[in-house]
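Me: Hi! I'm new to this one and would like a friendly walk through it. Could you show it to me first?

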Amino acid sequence: MPDGSIRIGVLVSGGGSNLGAILKAQRSQELGQGRVVLVVSNKPDAYALERAADHGVERLVILRRDHASDESYDQALIKSLDEHHVQLVVLAGFLRKLGPQVIGKYRGRILNIHPALLPKYGGAGMYGHFVHEAVLAAKEKESGCTVHLVDEEFDHGPVIAQAKVPVMAGDHPEDLARRVLEQEHLLYPATIADFCNRLSGVQGSIS
Ligand code: GRF
């Protein structure tokens with residue numbers, strides 16, 4: 001894009017508190033060269049869609065049931081991202097595995113945030129309260145969140161940034177979840193800003 005900004009598409013399924021933090025950062029000029037141009041949800045009632053509307057960001061709902069196969073779903077997703085000239089895909093609580101077409105097209109330009117210190121407590125089935133329950137069951141002294149690049153395996157791509165929190169005596173999964181989520185809201189926008197600034201420096205090779 002000629003102005004040097006990096007066009008971001010955010011994929012969501014739920015509450016979108018991370019999306020909210022990202023849009024707030026954008027509003028206060030703290031998202032570096034990043035600019036959210038599209039929010040896509042696979043759930044029609046995701047509260048994240050309202051957050052996008054509040055910030056005047058275009059939103060789209062793409063439902064799996066409207067597509068005959070996962071491949072055709074992914075094609076529709078790629079088409080929307082393409083139409084909006086998206087250069088960076090940000091997963092913010094998107095509860096669908098991206099297929100090889102999407103990963104191949106945006107390789108190295110898809111970020112995710114996971115509510116644990118990867119490579120620990122990641123992989124299939126490790127999401128939401130399951131993560132925090134596992135951390136507590138293992139009597140870990142600390143947990144946190146991880147921003148990583150997305151590849152074909154769940155929670156597996158290279159780690160970009162992490163933030164740690166202590167695990168306190170007597171913590172319930174909800175306590176730990178709340179403490180980790182607070183850090184997510186700081187780490188994700190800051191990491192996206194850095195990432196976009198770096199991408200912007202190599203604009204010629206990625207646009
Ligand atoms: C966060 O805990 C994030 O780590 C995980 O999904 C959750 C999304 O929460 N990937 P929200 O929709 O951003 O509130």
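Me: How far is the sulfur of cysteine 196 from the closest cysteine sulfur, and which cysteine holds that one?
Reply: The gap is 18 Å, and the partner is cysteine 145, so the two sulfurs are too far apart for a bond. A disulfide here is a pair of cysteine sulfur atoms within 2.5 Å, and by this rule the count is zero. Before we go on, this is a predicted model: local features need pLDDT of at least 70, side-chain atom pairs count only at pLDDT 80 or more, and totals for chains, interfaces and linings use all residues. Residues are numbered from 1 along each chain as its sequence is written, and side-chain values use heavy atoms, leaving out hydrogens and water.

Me: Is cysteine 196 buried or exposed?
Reply: Cysteine 196 is buried, at a relative accessible area of 0%. Cysteine 145 is buried too, with 0%. Buried means under 20% relative accessible area, exposed over 50%, and partly exposed in between, using a 1.4 Å probe and protein chains only.

Me: Switching to the ligand, which residues surround it?
Reply: Gly15, Gly16, Ser17, Asn18, Gly93, Ile113, His114, Pro115 and Glu184 do; each has a heavy atom within 4 Å of the ligand.

Me: Now helix H2: which of its residues are buried?
Reply: In H2 (residues 47–54), they are Ala48, Leu49 and Ala52. Seen down the helix axis, they fall within an arc of 105°, so they line one face of H2; the arc is taken from the directions from the axis to the C-beta atoms. Helices are DSSP runs of H or I with at least four residues, strands are runs of E with at least two, and both are numbered from the N terminus.

Me: And what do those buried residues pack against?
Reply: Strand S1 (6–12), helix H1 (17–27), strand S2 (34–41) and strand S3 (59–61), where contact means heavy atoms within 4.5 Å. Just after H2, glycine 56 takes a positive phi of about 70°.
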